[in-house]
Amino acid sequence: MLTKTSSSAEAVGISPEQRERLIRVWGSCCEALQKVVTDLRITQDELKFAGLYFNRLGQSGMFPSLLAVGLAMTSMRVTEGNGGTPGNLEGPYYIANAPVRPDGVLLEKEPGPDTRFLELSGVVRDAKTGKPVDNVELDFWNADENGIYDHVGHHLRGRVFTKADGQYHVRDIVPKDYSEHDTDPIGELFQAMGRHNRRAAHIHLKVRKPGYQSLTTQLYMPDGDYLDDDYVEGAVVPELVVKFEDNAANQREISAKFDISIVAEPA
Ligand code: DHB
Ligand code: FE
């Protein structure tokens with residue numbers, strides 16, 4: 001006979017395995033946080049303050065973002081890492097099904113006068129054999145010259161595919177350090193701690209090819225102001241910093257190369 005709890009779990013469409021995992025996750029979270037409450041002698045007033053903060057964070061839509069800021073790098077370390085190009089956090093602003101860009105141009109409008117254009121190209125290779133891989137889907141998205149993402153249309157978003165020789169090419173802009181949290185609860189938390197809420201300038205990328213593990217990563221701009229001080233600790237790693245061609249600092253047209261290696265699924 002079904003117990004009350006099991007029937008309510010079925011009502012929300014949870015499998016026995018998922019329920020088992022949920023119970024362990026919830027239990028472990030409580031245990032870890034009970035230790036924090038004990039160690040720091042957290043009062044009920046402070047708990048209530050935190051609860052109200054999380055209500056506001058949820059209403060702003062930024063709860064996933066704060067979880068990622070604190071925990072995504074750790075999650076990646078224990079669930080990914082396989083010899084290919086290192087993964088990096090997805091961030092909050094991915095939009096699926098961005099337009100395919102046969103010419104590689106991600107711009108849908110004229111950027112501001114000081115914007116630097118970025119011609120980004122490279123080769124996608126099999127991590128084990130080193131052979132170029134064709135028809136790999138590269139799904140790019142990034143902030144604009146003011147550090148703002150297009151949340152409505154697809155400016156600076158788009159998909160390209162590698163050619164027979166594994167080459168890809170996009171025409172993008174050099175994004176500015178990301179700075180959308182100044183007026184939301186994440187900014188409030190970091191301001192209260194006396195810390196900034198900037199991300200080092202970056203371009204997001206998802207890489208997909210049947211038969212290969214898909215990759216979510218970020219490419220960091222080499223001359224951003226927050227390269228050494230991203231508010232997501234540990235996000236910037238040397239392998240993911242793009243190299244601009246020589247003397248790029250004062251140029252409006254910048255070329256950069258970024259090669260990618262992907263890992264075949266076990267046969
Ligand atoms: C956040 C923003 C990003 O653009 C990103 O890539 C990762 C995290 C953030 O909102 O914290
Ligand atoms: Fe981002």
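Modeller: Gladly. Let us begin with a word we will need: Ala, Val, Leu, Ile, Met, Phe, Trp, Tyr, Cys and Pro count as nonpolar, Asp, Glu, Lys and Arg as charged, and the others, Gly among them, as polar. Please keep in mind that this is a predicted model.

Biologist: Which residues line the largest cavity?

Modeller: Its lining has 16 residues, and those nearest the centre are Ser65, Gly91, Pro92, Tyr178 and Arg199. By class, the lining of the largest cavity has 9 nonpolar, 6 polar and 1 charged. Helix H4 (63–79) and strand S5 (202–208) each supply at least two residues of this lining, and the largest share, 3 residues, comes from H4.

Biologist: Where does ligand 1 sit?

Modeller: Ligand 1 sits in the largest cavity. H4 and S5 are also the elements that give two or more residues to the shell around ligand 1. That shell has 13 residues, the closest being Ser65, Tyr149, His181, His204 and Tyr231. They divide into 6 nonpolar, 6 polar and 1 charged.

Biologist: What polar side-chain atoms lie by the oxygen atoms of ligand 1?

Modeller: For this we look for pairs of N or O atoms within 3.5 Å. A polar side-chain atom of His181 is 2.4 Å from an oxygen atom of ligand 1. For Tyr149, a side-chain N or O atom is 2.9 Å from an oxygen atom of the ligand, and for Gln218 the distance from a polar side-chain atom to a ligand oxygen is 3.2 Å. As for cover, the protein hides 100% of the 290 Å² of accessible area that ligand 1 has on its own.

Biologist: And what is the volume of the largest pocket?

Modeller: A pocket, unlike a cavity, is an open set of points. The largest pocket here has a volume of about 1,400 Å³. It is lined by 35 residues, with Leu33, Ala50, Phe54, Leu66 and Leu67 closest to its centre. Helix H2 (16–40), helix H3 (44–59), H4 and helix H5 (185–192) each give two or more residues to this lining.

Biologist: Which helix gives the most, and how do the lining residues divide?

Modeller: H2 gives the most, with 11 residues. The lining of the largest pocket divides into 28 nonpolar, 3 polar and 4 charged.

Conventions
Residues are numbered from 1 along each chain as its sequence is written. Chains are lettered from A and ligands numbered from 1 in the order in which they are written. This is a predicted model: local features need pLDDT of at least 70, side-chain atom pairs count only at pLDDT 80 or more; totals for chains, interfaces and linings use all residues. Side-chain values use heavy atoms; hydrogens and water are left out. A residue is near a molecule or strand if one of its heavy atoms lies within 4 Å of it. A polar contact is a pair of N or O atoms within 3.5 Å; within protein, one must be able to donate a hydrogen and the other to accept it, and residues adjacent in sequence count only if both atoms are side-chain atoms. Accessible areas come from the Shrake-Rupley method with a 1.4 Å probe; for residues, only the protein chains shown count as cover. On a 1 Å grid over the protein atoms alone, a cavity is a set of points where a 1.4 Å probe fits but cannot get out, and a pocket is an open set with protein on both sides within 12 Å along at least five of seven lines; lining residues have an atom within 4 Å of a point. A molecule sits in a cavity or pocket if more than half of its atoms lie within 2 Å of its grid points. Helices (H or I, at least four residues) and strands (E, at least two) are DSSP runs, numbered from the N terminus. Grid points are joined across faces, edges and corners, and a volume is the space filled by probe spheres set on the points.
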